[in-house]
Amino acid sequence: MEMKDAKRVEITIEAPLETRLTDALDEAGVTGYTILPVMGGSGRSGRWSREGQVSRAGGMVQIICIIRPDRLDTLLDAAFGVVERHIGVVSVSDCSVLRAERF
Amino acid sequence: MEMKDAKRVEITIEAPLETRLTDALDEAGVTGYTILPVMGGSGRSGRWSREGQVSRAGGMVQIICIIRPDRLDTLLDAAFGVVERHIGVVSVSDCSVLRAERF
Amino acid sequence: MEMKDAKRVEITIEAPLETRLTDALDEAGVTGYTILPVMGGSGRSGRWSREGQVSRAGGMVQIICIIRPDRLDTLLDAAFGVVERHIGVVSVSDCSVLRAERF
Amino acid sequence: MTRRPGSVNRSYWALAQTILALAAQNLLSPIILFFALGLLAALVRSDLSVPEAAAKALSIYLLFAIGFKGGVSVSDHGIDANLLLSMLAGLVLSFAIPFAAFGLLRAMTSLSVTDAAAVAGHYGSISIVTFVAATSVLQSQGIASEGYMVAVAAVMEAPAILSALWLVARFAKPVDGSDRGRNTKGLWREIILNGSIVLLVGSFVIGFLTGPKGLADIESFIVSPFKGVLCLFLLDMGLVAGRGLRASAHQLRPGLIGFGVLMPVLGSLAGLGAALLIGLSAGGTVLLMTLSASASYIAVPAAMRVALPEANPSIYLTMSLGITFPFNLTLGIPLYLSIAQAIGG
Amino acid sequence: MTRRPGSVNRSYWALAQTILALAAQNLLSPIILFFALGLLAALVRSDLSVPEAAAKALSIYLLFAIGFKGGVSVSDHGIDANLLLSMLAGLVLSFAIPFAAFGLLRAMTSLSVTDAAAVAGHYGSISIVTFVAATSVLQSQGIASEGYMVAVAAVMEAPAILSALWLVARFAKPVDGSDRGRNTKGLWREIILNGSIVLLVGSFVIGFLTGPKGLADIESFIVSPFKGVLCLFLLDMGLVAGRGLRASAHQLRPGLIGFGVLMPVLGSLAGLGAALLIGLSAGGTVLLMTLSASASYIAVPAAMRVALPEANPSIYLTMSLGITFPFNLTLGIPLYLSIAQAIGG
Amino acid sequence: MTRRPGSVNRSYWALAQTILALAAQNLLSPIILFFALGLLAALVRSDLSVPEAAAKALSIYLLFAIGFKGGVSVSDHGIDANLLLSMLAGLVLSFAIPFAAFGLLRAMTSLSVTDAAAVAGHYGSISIVTFVAATSVLQSQGIASEGYMVAVAAVMEAPAILSALWLVARFAKPVDGSDRGRNTKGLWREIILNGSIVLLVGSFVIGFLTGPKGLADIESFIVSPFKGVLCLFLLDMGLVAGRGLRASAHQLRPGLIGFGVLMPVLGSLAGLGAALLIGLSAGGTVLLMTLSASASYIAVPAAMRVALPEANPSIYLTMSLGITFPFNLTLGIPLYLSIAQAIGG
Ligand SMILES: Nc1ncnc2c1ncn2[C@@H]1O[C@H](COP(=O)(O)O)[C@@H](O)[C@H]1O
Ligand SMILES: Nc1ncnc2c1ncn2[C@@H]1O[C@H](COP(=O)(O)O)[C@@H](O)[C@H]1O
Ligand SMILES: Nc1ncnc2c1ncn2[C@@H]1O[C@H](COP(=O)(O)O)[C@@H](O)[C@H]1O
Ligand code: NA
Ligand code: NA
Ligand code: NA
């Protein structure tokens, strides 16, 4: 099975910013990502859980983005513009992908 | 804490194929995996979101599989048979696991 | 973009133990984590799916924790105390994080 | 008695007026207005949305209620000699309509064989919400219909899928040699035991077994709040249709739009023919026309993703949900009702 | 008056006939039929499913409605002198039944001490849906019962867990020395403040405080649609039970199946004894029998996962949900009703 | 006629008595008791919870029902000359109240400019559930009100956000030079097309268009079960408020608590003034007072997270949901009703 190196970026971000982030990614030419629901968590702003929210004001989502290593910086710049002043976490790890021609 | 090297395979696949994929994994002797719901995403076939679906026709799930490195090829072969003609992403990364005797 | 090395710990654990695990993490001084819902899975105790549960007795959640490498052992010790006699999986991988001052 | 041309024109005119009056009345029903609200909200990109679990719960409610009431009505009026005939008609229509649709699509649009076959399959199958909307129009007009039409709806869900696959096997050029073995292992089991069909048929059977006494037990759950729930459901359908339209508007060539409006009318005429052959009541005729006119957006898309992954889902979903569903809901049903009444009268 | 053997036989015969007639009638109620539909759908591997959030919402509705109505009924009829006695009886039954169950399991099956204790704990606790089904049978037979039986149900949820843990501590050999400190920190708080108990008791208290006037306010939400909602809930229970049975069928040795049917009957007799001692009404007797006969599948499994993780969850869930729940629902409740009436008459 | 001081005292006393009697009656309504149950359950850390999807479905139901009924009532009574005036009043109140709130916060608490502005924005906007609770109190007292107050509620949702942003722009010192460009691109579109507003206004318009005939169609869905659904919704609100209080109790300095109780009363007086100017009915006056008194916990927090991320969400959510919401629900509404009646009488 032929595999190719890639980067896996995982961004945990407040739900009200989801569209802003995905729009920023699209603009930067990053059109592949997957959004996972988040049930709860904890951070410097304390613990929270999705079932304890009236609104989704405090809810979060996780956006996973597999990308060619040479495009990583573009992605991070775009993401950082949105995440900067907001709570949230951005982590990057190495991975390899099947069907590399798609990335 | 004793840890052992392993591979983490992350497969994002269309929901109607979930059972086919897990059956294929089972057949290949891969019996450990975790299935995460996916809220939405974007790829070559455009953006989609779970709340914009009547049916789950276009919905996706993410299957995470931690496996011994020497079993990786078996897994990828089994997965590729199902994913091949379908939309979806397969990525692999290195990890290490606690309680290695279970894998 | 300045990044810093970190560890990404992924713990898949039975839902009734979620609070015990997060309490143990808090006690160990690990206050940053994200909880993802799990839809189903398979392991030594068989296949299960969230929609096939009356109670959440058998449901699982996934806890993701990004942490400074030097704090990994503290985290694993705390987690292991809870996970030990229970079903569940703990895996660790390398990653790097933006805004490292937050970790 | 001979009719002069003028009188024919006048009667066409009267028919058109009836249709328009019916359509206007229909368009002002809460059901349609909530669909329109959803559509609009999605088109202006409001973040209004119905949670997936709630939408699924609503559709479980609809299938449960409509199946049960159908079963009770059959147990009440006795099994009609026409029951089997109607189910047979549904089977034939579901098998046959995709062929007409495929021909039309190849003529009117530039879709590939695979995409055309996939779209065609959707039009042979049915939309249960369109069916429900039609029963609700019949009800408000005081027109009775055969209770077993629900069972006919269930019968029509799946056969069209087979026709679509046959069309591909017959007309599509193999992309690469080894690719011919389609991923249809277990597909038939999945389609026939698909949740919607099982719930609809199961509720129908339970309604039949428990009869009016069973209905009395759960009437205030499945009868009185029904229309209100339907409003919420159509709000969600509007949202989904609108989002689909927004995302796929660029694929909507005039040919496709034309097909999405023409095909249901042709389908309804096929249904009309079958209904006349069997001798259904006016209400039953409208329902069979509506079933034939409607296009699937649940069972068939899921089956297509498995069996025909190379077909583009945004084409068939947009056609079925974005064009044909709103057309049937707003203009189609009043049209079919007027035709049935004109013929029946 | 002395009875000749023949007359005894004849009266047994009459009792059997009553039970069968009741069971037949029960089996044709929509509630049971929807359970059967769910079971069947799961067994043939249909993808029919009720979203988790919807199933949870249904159970919130049931607890809310049943608790509130119980409270209103107590406020209506006044606090019975028997209230406290019945709660005490419930407490004792919940503590005691696991011991009988444990003995029986060790005799009839080859389960380990830990697994046997875990299963036993389930049978001391209760299933609120079985309770609801029994009240609905009573209602359709026009038999009154004490409103506070809801409170007794709440009391019986938890004590059995303690018995199960005690059985393990007493009979299980320590696997390894350090392992003895069970993970029970905070467990009691969790069990007693578990969502189901809080909602049931809270709604009961609110129903009691607001009385018939409060009921009038929300009657058309919690009374009239109740049975219909129950049908949907049992459809889901059938699906879950069926999936459980399919996944764990290989573990169902005859001994386990026998236990799953015998134990509820024994439990019901214990409940009968207590009811006779206290002097409950016929309806209350049936409900206490049903509570004693039923097995938990919500509170106890969750507690066992925390406190007895080495016990195999698929055994206790399959026993409770796959065997005993359907047994009680279909044959058990009519049986307990017949017995209560035979004794009471 | 001159009044002696004693008589004034006596009439104050009578007013206080009325308020207390109303409050007591209000406190024993199922709605309030279920809120209290949720609050209590959260405070004792029960795991009782309403699934997110179910909570969202409940709020869709409320907006749908309240909007539709408002629209029907306007279509029934005709468009009042006061409609536009009331909407204008709502607009002005929503813009103005944050300034008063900001001043008060800076005087009473040590919140930063940004936090104070964010909190102030919440008090200019409204809580639809508080509004619903007030209509339900009016109803049980047999007091009529203007149907279009629903539209006024919709108008008051958003303007306060603008005031909050203006306050920050005016009074906050730039943290770092480049930081001034707020993330407000597309924010206005989002706020105005936010799901709650679209659904509320849309349902209002549909209710208006279909009138009493439309209402008759869906009455048994949106009228009779309404109060019961409201109980469940308030149970969930109680749970959420309680969890918020538990998590953020340490931030609740006396000044903040005082503000959370004082501000709604001041707001209600502003609403009273506006209502008297326009000449609203007693019921309409109570509703405008309640709207002015209530604080947002849906639309505004979401907007603040986008536009003022440096403001601490746990402060504004706790104030709005943990202090002001319960205050209005329990004591506020009876107080506003008594005042309106004392002035009106
Ligand atoms: N170290 C971490 N690992 C994983 N998730 C985190 C971490 N820190 C924060 N998060 C997530 O980000 C959210 C906001 O974090 P914070 O801004 O620190 O309050 C938390 O609720 C978590 O869901
Ligand atoms: N680069 C990527 N990173 C993460 N997820 C992706 C990526 N590309 C595609 N996906 C996921 O796979 C789905 C289908 O992708 P595609 O086949 O490219 O349309 C998308 O909707 C995403 O959920
Ligand atoms: N190798 C694996 N990779 C990913 N998830 C796993 C793996 N093994 C077990 N799991 C998850 O952990 C749960 C319990 O596993 P087990 O204790 O082996 O039954 C499963 O249901 C899966 O969700
Ligand atoms: Na059709
Ligand atoms: Na029991
Ligand atoms: Na306000």
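Modeller: A definition is needed to begin with: a polar contact is a pair of N or O atoms within 3.5 Å. Please keep in mind as well that this is a predicted model.

Biologist: Understood. Where does ligand 1 lie?
Modeller: Ligand 1 lies between chains A and C.

Biologist: Which residues come nearest to ligand 1?
Modeller: Of the 18 residues around ligand 1, the nearest are A:Arg44, A:Ser45, A:Trp48, C:Thr34 and C:Arg102.

Biologist: And which polar atoms does a nitrogen atom of ligand 1 approach?
Modeller: A polar backbone atom of C:Gly32 is 3.5 Å from a nitrogen atom of ligand 1. An N or O atom in the side chain of C:Thr34 is 2.7 Å from a nitrogen atom of the ligand. On the chain A side, an oxygen atom of ligand 1 has a backbone N or O atom of A:Ser42 at 3.4 Å.

Biologist: How much of ligand 1 does the protein bury?
Modeller: The protein buries 95% of the 480 Å² that ligand 1 exposes when taken alone.

Biologist: Which strands supply at least two residues of the shell around ligand 1?
Modeller: In chain A they are β3 (40-43) and β6 (88-97), and in chain C they are β2 (33-37) and β5 (60-67).

Biologist: Let us move to ligand 3. Which chains surround it?
Modeller: Chains B and C both contribute residues around ligand 3, so the site is shared between chains. The shell has 18 residues, the closest being B:Thr34, B:Arg102, C:Arg44, C:Ser45 and C:Trp48.

Biologist: What are the polar distances at ligand 3?
Modeller: A polar backbone atom of B:Ile66 is 2.8 Å from a nitrogen atom of ligand 3. From chain C, a backbone N or O atom of C:Arg44 lies 2.6 Å from an oxygen atom of the ligand, and a backbone N or O atom of C:Ser42 lies 3.4 Å from an oxygen atom of ligand 3. Taken alone, ligand 3 exposes 470 Å², of which the protein buries 95%.

Biologist: Changing topic: how is chain C related to chain A?
Modeller: Chain C is superposed on chain A by a rotation of 120° with 0.0 Å of shift along the axis, at an RMSD of 0.0 Å. The two copies are thus related as by a three-fold rotation axis.

Biologist: Which residue of chain C comes closest to that axis?
Modeller: C:Pro37 does, with its C-alpha at 4.2 Å. As for the contacts, the copies use different surfaces, and 12% of the contact residues of chain C recur in chain A.

Biologist: Now the ions. What are the protein donors of the sodium ion (ligand 5)?
Modeller: The donors are the O atoms of E:Tyr123, E:Ser125, E:Leu291, E:Ser292 and E:Ser294, lying 2.4 to 2.8 Å from the ion. E:Tyr123 lies in helix α5 (residues 113-124) and E:Ser292 in helix α13 (residues 282-293) of chain E, so this pair ties together parts that are 169 residues apart in sequence.

Biologist: Are E:Tyr123 and E:Ser292 buried or exposed?
Modeller: E:Tyr123 counts as buried because its relative accessibility is 1%. E:Ser292, at 2%, also counts as buried.

Biologist: And which residues are the donors of ligand 4?
Modeller: For that sodium ion (ligand 4) they are D:Tyr123, D:Ser125, D:Leu291, D:Ser292 and D:Ser294, each through O. Their spacing along the chain is Y-x1-S-x165-L-S-x1-S.

Methods:
Residues numbered from 1 in each chain as written. Chains lettered and ligands numbered in written order. Predicted model: local features only at pLDDT ≥ 70, side-chain atom pairs only at ≥ 80, totals over all residues. Heavy atoms only, no water. Donors = N, O, S within 2.8 Å, 3.2 Å for Na, K, Ca; no water. Helix = DSSP H or I, 4+ residues; strand = E, 2+ residues; numbered from the N terminus. Buried < 20%, exposed > 50% of the residue type's maximum accessible area, 1.4 Å probe, protein only. Least-squares fit on C-alpha atoms with pLDDT ≥ 70 in both. Contact = heavy atoms within 4.5 Å. Near = heavy atom within 4 Å. Polar contact = N/O pair within 3.5 Å; in protein donor to acceptor, adjacent residues only side chain to side chain. Areas by Shrake-Rupley, 256 points an atom, 1.4 Å probe, with all protein chains shown as cover.
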